[in-house]
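Biologist: Could you walk me through this one slowly? I would like to start with a helix.

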Amino acid sequence: AAAAAAAGSAAAAAAIAAAASALAGAGDDTKATAAATAAATAAAAAAAAAAAAAAASEEEARGALQGLAAALCDMHRAAVGVAAEYERASGRTSAVRRERAVEALRLFARLHANQRAALKSRRDTLRTAVRKLEEADTGRLAVEARLAAIAPRLNQGVATTQAHLLGLADAVRDVDIRQAEILAEEERVARVCDQVARVRSEGVAELAAASASYDNAMESLAHIEITDLDELRSYPTPPGLVRIVMEAVCLLMNGAPGDWESARAFLTDSSAAAKKSRGSKEAKDDPKKRKKVAAGKGKEKEDLAGVPLLQRLRTYRKDDVEDDTVRKLQKYVRAANFNPTAVQQVSMAARSLCEWVLALDGFAKVRAAVAFKERKLVEADDKVAGTRAALQHKRGELASSRRTLALLEEDHGESRGDKEALEAARAEAQTHLEHIKALVDSFASQRRRWSDARSSVEAAMSTVTGDSLAAAAAIAYLGPFDEAHRARLAAEWAAILARRGIPSDPAFTLAGYLRRRHASA
């Protein structure tokens, strides 16, 4: 009675007393009376609180509690009767004691509270969802009104800036044209400069390769001895390749090829000069010969022919060969078999001289080609310099056009800013409106489902007391029975609930009740 009064319903005391008395008289176990009374008190107190929260008056709450207490007693008595029939039919003992009623009462209190809370939460969720959709509808109307207010202001801003934009278009076009011309010219100048640098680099590399080839030929000359020159000079009628090689050497040394006799005289003078040179070295060690050697030095300085051939070859200035001499030299270097391999078959000394002639010819040709390229490159440099000067002038014109463009942009800057702000506001509002429409449209079909779900939840809330009582009784009593006696007892319980005026689901099943509870949660 105290628990019921604390729950806010004085009518719960009478219902509790009735339930306890009925349960105590349902069997002969007087020791369980106190426990049954306590359980009935807890269940009735919970039911009193639920009934008081849902009923419109104290009288209605009292009636609901009395019906619940009576239904609990009737359901217990029905279970006792079905248990007796089950024992007679199967021969198995299935005593239904008051402890089952106590368990059913406890289960009812817990199931009823949980089920009602879950259904209430589901109902509140559905109400919130519907309210949010209504708020979205209101927001859509507000955004549409804002878009309608922006439209005339934006049209006015467009008209105000149109004239400025036309002027800007012309200025921008002029700047773009000038800038494109400058960029194209700069790219062309860059390509020419790259080509000039590449050609110069190639010329340096070619000249270095020709110099290296000439140096190799000079190294080959180091193997020629005076005796080798004497051997060449001893030919009264030399082999054809030896004669051609010596004529080419005379052409390079004297500027004229001459005949074999001239070549022999040239070899003779060079051989004598070489012997004098060797004699001079010996005189350095012999005091008696020093005066004689010194007397001949002045004359040797005046006559270049007196210098030994090998020394003249080693000190030959390859950079001073004239173009006319190179043209005359082609007669020899283009001759058949004018190559070191063929000449070697005749004379090793002539082979080295042949290598020197070919290396000098190759160097002279490369030097001439590089010089020609350099002249062309200098002309290209002059053209690039002129183009760069013209580019500088065009850059000045471009800078002037850009200043004009900047002034035009400044003139219409304020109106353009207003227009852009209006366009941004319109875009933002349009995007917002599209999002709201998408949201409302996407939930259009769900509105119907939510309405149906809310009806289902309200229907479940109207039968939650009877369904919870049936579920608690099923869990507490049906375990020992077979399928047929379970169905019979469930049918009797449904009739008891209907007779006592306690709403319940006509299609109630324990599995469906538990699924509904979890789905609602």
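Biologist: How many residues has helix H13, and how far does it reach?
Modeller: Helix H13 (residues 348-411) has 64 residues and spans 91 Å from its first C-alpha to its last, close to the expected 94 Å, where the expected span is 1.5 Å times one less than the number of residues. Helices here are DSSP runs of H or I with at least four residues, numbered from the N terminus. This is a predicted model, in which local features need pLDDT of at least 70, side-chain atom pairs count only at pLDDT 80 or more, and totals for chains, interfaces and linings use all residues. Residues are numbered from 1 along each chain as its sequence is written, and side-chain values use heavy atoms, with hydrogens and water left out.

Biologist: Which residue forms a salt bridge with Glu397?
Modeller: Arg178 does, with the closest N and O atoms 2.8 Å apart; a salt bridge is a side-chain nitrogen of Lys or Arg within 4 Å of a carboxyl oxygen of Asp or Glu.

Biologist: And why does that pair tie parts together?
Modeller: Because Glu397 lies in helix H13 and Arg178 in helix H5 (residues 98-221), the pair ties together parts that are 219 residues apart in sequence.

Biologist: Where do the partners Asp381 and Arg200 lie?
Modeller: Their side chains meet in a salt bridge at 2.8 Å, N to O, and the pair links Asp381 in helix H13 with Arg200 in helix H5, 181 residues apart.

Biologist: New topic: is Glu247 buried or exposed?
Modeller: Glu247 is buried, with a relative accessible area of 9%, while its salt-bridge partner Arg243 is partly exposed at 33%. Buried means under 20% relative accessible area, exposed over 50%, and partly exposed in between, using a 1.4 Å probe and protein chains only.

How values were computed: Helices (H or I, at least four residues) and strands (E, at least two) are DSSP runs, numbered from the N terminus.
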